[in-house]
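Visitor: I'd like a close look at one single part of this model, the place where the two chains meet. Could you walk me through it?

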Amino acid sequence: MKPKDYQKLVKDNSPPRPLLKNTLWAFFVGGLISSLGQVVLNIASKTENTKAEAASVTLAVMILIGAILTGLGIYDEIAEKGGAGAAVPITGFSNTVTSAAMEFRREGFLLGMGAKMFVIAGPVIVFGILSGFIVSLAKALILGLF
Amino acid sequence: MDYIIAFLVGGAICAIGQLIIDTTKCSNAHLLVGMVCLGAILSGIGIYEPFQEFAGAGALVPVLGFGSSITKGMLSEIERLGWEGLFTGAFEITGLGLAASIVFSSIIALLRKPQK
């Protein structure tokens, strides 16, 4: 059997992914995490002076919550049900950092934990900054902000 | 009311993400990178701010909001400092969370071993 035929056979016989169920779970879990974020944002809006500061504090608190739930082993269970609902919020970003730190700690502190903490979250930061840089540069040049 | 809007908007963004993962060959990592770039770009062309004004944490908490915060930080620092802002602004809003992430993840990794 050719590899192509085999792939087709596997594809035809594997159970269909429960698309609707997955999507509904992602919606529910993602929505719940966002509502929790709204609680934090409302509190931060009262204690902080500017909107940017409130956003900054909210992101940090959500990252802390994600890290703690990961440490307790709860976030992995949420992610199992929620899929993208757990991965897309900033708590999921935090989850990847904390679980990588825990995972690679056994390879040593410097070259294990230190080097590989951002093994999954790194691309998000790198490409986020690159695209932000390009857009901001373009906007600043067009509007003559320099 | 703002909780319901945050729930609906945040949930919808995650549901779209799940659909993309399930119906295309896109992995989780590709999805997150795509979303952070999209957030940064939408913020640069001025669409994300009004959206976040309306949706609150529903727009801030998904990784789109992280990308948007990077651009927003750069633009506000450009106004304050000039060209240096293109670089210092990247962590203006997100830096608090990133440094917190490093500190707390290290502490947790010291205290706990992975479950599986």
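Guide: Happy to! In this predicted model, 63 residues of chain A are in contact with 66 residues of chain B. On the side of chain A that touches chain B, the elements giving two or more residues are helix H2 (19-47), H3, helix H5 (84-87), helix H6 (90-104) and H8 of chain A. The largest share comes from H2(A), with 16 residues. Sorted by class, the residues on this side of chain A are 39 nonpolar, 20 polar and 4 charged.

Now let's meet the partner. Chain B has 7 helices and 0 strands, and 53% of its 116 residues are buried. Its C-alpha atoms fill a box of roughly 50 × 35 × 35 Å along the principal axes.

Next, look at one pair of helices across the boundary. Helix H8 (residues 121-143) of chain A packs against helix H2 (residues 28-44) of chain B at an angle of about 20°, and their axes are 8 Å apart. Because angles under 35 degrees count as roughly parallel, H8(A) is roughly parallel to H2(B). The crossing is right-handed. On the H8(A) side, the contact residues include A:Pro123, A:Val124, A:Phe127 and A:Gly128; on the H2(B) side, B:Leu32, B:Val33 and B:Val36 are among them. By class, this contact has 11 nonpolar, 5 polar and 1 charged residues.

Helix H3 (residues 51-71) of chain A and helix H5 (residues 63-81) of chain B cross at roughly 145°, with axes that come within 12 Å. Here the crossing is left-handed. A:Ala52, A:Ala55 and A:Leu59 of H3(A) make the contact with B:Phe66, B:Ser69, B:Lys72 and B:Ser76 of H5(B). That contact has 4 nonpolar, 2 polar and 1 charged residues.

Finally, let's zoom in on B:Val63. Leaving aside its neighbours within four places in sequence, B:Val63 is in contact with A:Val88, A:Ile90, A:Phe93 and A:Val124 from chain A, and with B:Leu32, B:Met35, B:Val36 and B:Gly39 from chain B. B:Val63 also belongs to the largest nonpolar core, which has 76 residues. Within that core, the residues touching the most other members are A:Val29, A:Ile90, A:Ala101, B:Cys14, B:Leu32, B:Val36 and B:Val63. As a general background, nonpolar side chains tend to be buried together in soluble globular proteins.

Key
Residues are numbered from 1 along each chain as its sequence is written. Chains are lettered from A and ligands numbered from 1 in the order in which they are written. This is a predicted model: local features need pLDDT of at least 70, side-chain atom pairs count only at pLDDT 80 or more; totals for chains, interfaces and linings use all residues. Axes are lines fitted to C-alpha atoms, for helices over the stretch in contact, and angles run from 0 to 180 degrees between N-to-C directions. Helices (H or I, at least four residues) and strands (E, at least two) are DSSP runs, numbered from the N terminus. Angles under 35 degrees count as roughly parallel, over 145 as roughly antiparallel, 65 to 115 as roughly perpendicular and the rest as oblique. A crossing is left-handed if the near helix is turned anticlockwise from the far one by less than a right angle, and right-handed if clockwise. Two residues are in contact if their C-beta atoms, placed from the backbone, lie within 7 Å. Ala, Val, Leu, Ile, Met, Phe, Trp, Tyr, Cys and Pro count as nonpolar, Asp, Glu, Lys and Arg as charged, and the others, Gly among them, as polar. A nonpolar core is a set of buried Ala, Val, Leu, Ile, Met, Phe, Trp, Tyr and Cys residues joined through C-beta atoms within 7 Å. A residue is buried if 20 or more other C-beta atoms lie within 10 Å of its own, exposed if 12 or fewer, and partly exposed in between; C-beta atoms are placed from the backbone.
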